[in-house]
Amino acid sequence: MVKNGKKLLVLDTAFTFEAIEKRGLKSSVTCRDLDGYFEHVWSIHPFASLVSSQEFGPKYGRPIVYSINENHTVIEGKIGISSGLRKVSSINFLIAQIDILFFLISFIRREKISVVRAGDPLYLGIFGYMLSRIMRIPLVVRVGSNNDKLREATGHCIMPRLFKSINQEKFIEKFVLTHADLV
């Protein structure tokens, strides 16, 4: 296999490292290298501690890096930067997300990441768009569902804690998808 030096950063909230380990889901992550097309893949869950168990690790703090194998690494963000700020959870979350954004900017620069892929056109799409534009690398957006059909069936937002209306979600989706290099 010829190494082309391409490296991929994947923003995805499907699995935490805990879930990957406990449920035997490594192949769901290791397939992201596209049979060796990407020399290394980093899978990022920006707020993994929201869904990880307390036994697996702290809910608050800096991002944590886990190795799956020599070509695949998982980086997990936290739901807050400090347990001392848990009473102001929205602010704590925002600070933690800004922290992981700057962590990833430095990381992309250091590792010479070639492409950023977002697992959805909403939250991860915004995150991916910012990283892509700041670092001047291509953005690929995965569309895993028909959000319009879901909203039509339920009458609700896909991410109601983040977006206050269906129109806001549609605006973000349109913005991210029209600014992506590949969908």
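This is a predicted model: local features need pLDDT of at least 70, side-chain atom pairs count only at pLDDT 80 or more; totals for chains, interfaces and linings use all residues.
Let's work through what surrounds it.

**Exercise 1.** Find which residues lie nearest the centre of the largest pocket, and which elements give two or more residues to its lining.

*Solution.* Start with the lining, which counts 23 residues; Phe-47, Phe-93, Tyr-123, Arg-161 and Leu-162 are nearest the centre. Next, look at the elements: helix 3 (89-111) and helix 4 (123-135) each give two or more residues to this lining. Helix 3 provides the largest share, eight residues. Finally, sort by class: 15 lining residues are nonpolar, five are polar and three are charged.

**Exercise 2.** Now describe the second largest pocket, from its space to the classes of its lining residues.

*Solution.* Begin with the space, about 210 Å³. Then turn to the lining of 14 residues, where Gly-119, Asp-120, Arg-142, Gly-144 and Ser-145 are the closest to the centre. Sorting this lining by class gives six nonpolar, five polar and three charged residues.

**Exercise 3.** Work out how the span of helix 4 relates to the expected value, and what its buried residues pack against.

*Solution.* First, the span: helix 4 has 13 residues and covers 18 Å from first to last C-alpha, close to the 18 Å expected at 1.5 Å a residue. Second, burial (under 20% relative accessible area): the buried residues are Tyr-123, Leu-124, Gly-125, Phe-127, Gly-128, Leu-131, Ser-132 and Met-135. Third, their partners: strand 1 (7-11), helix 3, strand 5 (115-118), strand 6 (139-141) and helix 6 (166-179). Last, step just past the helix, where Arg-136 adopts a positive phi of about 55°.

Conventions
Residues are numbered from 1 along each chain as its sequence is written. Side-chain values use heavy atoms; hydrogens and water are left out. On a 1 Å grid over the protein atoms alone, a cavity is a set of points where a 1.4 Å probe fits but cannot get out, and a pocket is an open set with protein on both sides within 12 Å along at least five of seven lines; lining residues have an atom within 4 Å of a point. Helices (H or I, at least four residues) and strands (E, at least two) are DSSP runs, numbered from the N terminus. Ala, Val, Leu, Ile, Met, Phe, Trp, Tyr, Cys and Pro count as nonpolar, Asp, Glu, Lys and Arg as charged, and the others, Gly among them, as polar. Grid points are joined across faces, edges and corners, and a volume is the space filled by probe spheres set on the points. The expected span of a helix is 1.5 Å times one less than its number of residues. Buried means under 20% relative accessible area, exposed over 50%, partly exposed in between (1.4 Å probe, protein chains only). Contact means heavy atoms within 4.5 Å.
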